Amino acid sequence: GGQFRDFFQIPDGFPVATAFDADLTQLLRAVRASSTNPRPKVVLLLDEIERMVPNKLGKEGFQGFFDFFGYLRGVSQESDDFVALVAGANAAVAEASQFDEKDNPVFNFFGEHYLQFLQPQECELMITSLGRGMGLRFARQTCEYIYRLTGGHPFFTRQMCSFLAERIK
């Protein structure tokens, strides 16, 4: 597509999927023609993947999820120069065989790699960063206490910070 700087500038009826495919195809051709050794990869990283997938609570997920993820799987299988990565709070996107009674196009496609426990300094950095985004400041002693409670587990630390944010206005 390359014609629009902002998603909201795209007019109704513009073939976004076709334009995306054309851009990615051109990019992969350029990578394949590259004399660089080792050859670079085109990496597409999608964060907070759980927001895109349909869930059992009735959330429909990203409109076009099945087509888009089927497309990503196909491109990944056709080209060693393309890598699709997803990150999220859980691995449901790759573990669920179906969503809404439709076959999941990326069932068992993505490898699962879980975050390791954080070191105290890493945990404090995450807590203060999360806090900043929620309008909160955490004292060093509070960070240390949260670390002791969660053991440095990233998910539990986030949950604890969210719990505190809901209770501290």
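**Backbone, cores and rings**

Reply: Asn 108 counts as exposed, at 55% relative accessibility. The cut-offs are under 20% relative accessible area for buried, over 50% for exposed and partly exposed in between, with a 1.4 Å probe and protein chains only.

Me: What are the ground rules for this model?
Reply: This is a predicted model, so local features need pLDDT of at least 70 and side-chain atom pairs count only at pLDDT 80 or more, while totals for chains, interfaces and linings use all residues. Residues are numbered from 1 along each chain as its sequence is written, and side-chain values use heavy atoms, with hydrogens and water left out.

Me: Back to Asn 108. What is its phi?
Reply: Positive, about 60 degrees, although Asn 108 is not a glycine. Asn 108 sits in the loop between strand S4 (102-103) and H4. Helices (H or I, at least four residues) and strands (E, at least two) are DSSP runs, numbered from the N terminus.

Me: Where is the cis peptide bond?
Reply: Between Asn 37 and Pro 38, with omega about 0 degrees. Pro 38 belongs to the loop between H1 and S1.

Me: Let's go inside. Which residues touch the most other members of the largest nonpolar core?
Reply: Phe 69, Phe 82, Val 93 and Phe 110, in a core of 19 residues. A nonpolar core is a set of buried Ala, Val, Leu, Ile, Met, Phe, Trp, Tyr and Cys residues joined through side-chain atoms within 4.5 Å.

Me: Which elements give two or more residues to this core?
Reply: Helix H1 (16-33), strand S1 (42-46), helix H2 (65-78), strand S2 (82-86) and helix H3 (92-95). H2 gives the most, with 4 residues.

Me: What is Phe 82 in contact with?
Reply: Leaving aside neighbours within four places in sequence, Phe 82 is in contact with Leu 24, Leu 28, Val 42, Leu 44, Leu 72, Val 75 and Ser 76. Contact means heavy atoms within 4.5 Å.

Me: Is Asp 81 buried or exposed?
Reply: Buried, with a relative accessible area of 4%. Asp 81 lies in the loop between H2 and S2. Not counting residues up to four places away in sequence, Asp 81 touches Leu 28, Val 31, Arg 32, Arg 39, Pro 40, Lys 41 and Val 42.

Me: Switching to rings. How many aromatic pairs does the structure hold?
Reply: It holds 8. Rings of Phe, Tyr and Trp (its six-membered ring) pair if their centres lie within 6.5 Å; planes under 30 degrees apart are stacked, over 60 edge-to-face and the rest tilted. One of the pairs is Phe 20 with Phe 68, edge-to-face at 6.1 Å centre to centre and 65 degrees between the planes.

Me: What does that pair tie together?
Reply: Parts that are 48 residues apart in sequence, because Phe 20 lies in helix H1 and Phe 68 in helix H2. Phe 20 is partly exposed, at 34% relative accessibility.

Me: Which residues form the aromatic cluster?
Reply: Phe 20, Phe 65, Phe 66, Phe 68, Phe 69, Tyr 71 and Phe 99 form one cluster.

Me: Last topic, the helix pair. Where do H4 and H5 meet?
Reply: Pro 120, Cys 123, Glu 124, Ile 127 and Thr 128 in H4 meet Arg 140, Cys 143, Ile 146 and Tyr 147 in H5.

Me: What else is Tyr 147 in contact with?
Reply: Setting aside neighbours within four places in sequence, its contacts include Leu 118, Gln 119 and Gly 152. Tyr 147 is partly exposed, at 23% relative accessibility.
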